[in-house]
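Morning, everyone. Please take a look at the sequence and the fold on the screen before I start.

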Amino acid sequence: MSVTVCQICDTPIDDGYTLCPACELDFALLLDQYVPWTHALEASLDATLHPGGHQPTRIITPTAPTPLRLDVLDHLDLLASIAQGLWRRLTGVNILKWQRDLCPDIIGCLTDAAMHSNLAKIPDIGMYVSQFQRLKPKTLAIIDPLDRATPIGQCLTCGLTVTATRDAETVTCPVCGREQTASAVRLDLLERSIRSGKAFTAGECARLLRGAGYRVSVDTVYSWKHRGLIDPSGRNDKGQPVYRLRDVAARLGHDTPDD
Ligand SMILES: [Zn+2]
Ligand SMILES: [Zn+2]
């Protein structure tokens, strides 16, 4: 007798299921995240809009812009076909009631799928989870351009919050004028966050650690949680689990490769 295991994390689960409750919840939340992302992608289609974060603002371009961004159109098509594939898989096809096979739009497919009672039961769910995970970086790259300056920590002299683009090597404090390396500012923030015992979401932990040069992704943090190597210390006001950065950083030294 073989034991049924979750297709994502290998946790033993009840017969008839293909995902454990934690991975089902993670996947449903990922599908829900695609709702605002799809709106942002549709807003990014117009090439005259400057996509700054999730709230695009119109800019005047020096040359006449292409009316549509074809890369965004392709990406939306791909997202639509995967979302509709999942929706058909969940709702089934009934040739006698063919109207049922007419999918709603992307948003409808995503929200139907996220709430569907068979989500943790369909046999090829692992494929859908990995498809949506693979689409995530490209989606975020379109709606959250890399060259946006974001807060990276506090000035090492005066303590004011300083911002930098992702690739900037040095930053100059707008108040005291001190020029400092972006990595020193990020490392200082990381050290103070660890010492304070403060807790952050998995994504925030990964971002803080990556900012200081560690190679750790949000998926790594989730896998540590699934494997019981770290425990959430509570939830933030949005209900997301939060982890002490100290605990996450402590795992970095002695992780074993995922298999
Ligand atoms: Zn699982
Ligand atoms: Zn300063």
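Why does the arrangement around the zinc ion (ligand 1) count as tetrahedral? The four donor atoms there subtend angles of 105 to 115°, and that makes the arrangement tetrahedral.

Some ground rules. This is a predicted model, where local features need pLDDT of at least 70 and side-chain atom pairs count only at pLDDT 80 or more, while totals for chains, interfaces and linings use all residues. Residues are numbered from 1 along each chain as its sequence is written, chains are lettered from A and ligands numbered from 1 in the order in which they are written, and side-chain values use heavy atoms, with hydrogens and water left out.

Which residues hold the zinc ion (ligand 1)? The protein donors are Cys6, Cys9, Cys20 and Cys23, each through SG, lying 2.3 Å from the ion. Donors here means N, O and S atoms within 2.8 Å of the metal (3.2 Å for Na, K and Ca); water is not among the atoms, so sites may look incomplete. Along the chain these donors follow the spacing C-x2-C-x10-C-x2-C. Cys20 is buried at 4% relative accessible area, and Cys23 is buried at 5%. Buried means under 20%, exposed over 50%, partly exposed in between, with a 1.4 Å probe and protein chains only.

Now the zinc ion (ligand 2). Its protein donors are Cys155, Cys158, Cys173 and Cys176, again SG atoms, 2.3 Å from the ion. The spacing in sequence reads C-x2-C-x14-C-x2-C. Cys155 and Cys176 link distant parts of the chain, 21 residues apart. Cys155 sits in the loop between strand 3 (150–154) and strand 4 (161–164). Cys176 sits in the loop between strand 5 (170–172) and strand 6 (179–181). Helices (H or I, at least four residues) and strands (E, at least two) are DSSP runs, numbered from the N terminus. Cys155 is buried, at 4%. Cys176 is partly exposed, at 35%.

Next, the rings. How many aromatic pairs does the structure hold? Three. Rings of Phe, Tyr and Trp (its six-membered ring) pair if their centres lie within 6.5 Å; planes under 30 degrees apart are stacked, over 60 edge-to-face, and the rest tilted. Take Tyr34 and Trp37: centres 4.9 Å apart, planes at 75°, so the pair is edge-to-face. They are three residues apart in helix 1 (residues 21–44), which separates them by about one helical turn. Tyr34 is buried, with 0% relative accessible area. Trp37 is buried too, at 6%. Phe27, Tyr34, Trp37 and Phe132 form one aromatic cluster.

Last, charges. The structure holds two salt bridges. The term means a side-chain nitrogen of Lys or Arg within 4 Å of a carboxyl oxygen of Asp or Glu. Asp124 pairs with Arg89, closest N and O atoms 2.9 Å apart. That pair links distant parts of the chain, 35 residues apart. Asp124 lies in the loop between helix 3 (106–115) and helix 4 (125–143), and Arg89 in helix 2 (residues 70–91). Asp124 is partly exposed at 24%, and Arg89 is partly exposed at 36%.

Asp188 forms a salt bridge with Arg192, at 3.0 Å between the closest N and O atoms. Being four residues apart in helix 5 (residues 182–196), they are separated by about one helical turn. Arg192 is partly exposed, at 30%.

Definitions and conventions:
Four donors count as tetrahedral if all angles lie between 85 and 135 degrees; four count as square planar and six as octahedral if opposite donors are over 155 degrees apart and all others between 65 and 115; anything else is irregular.
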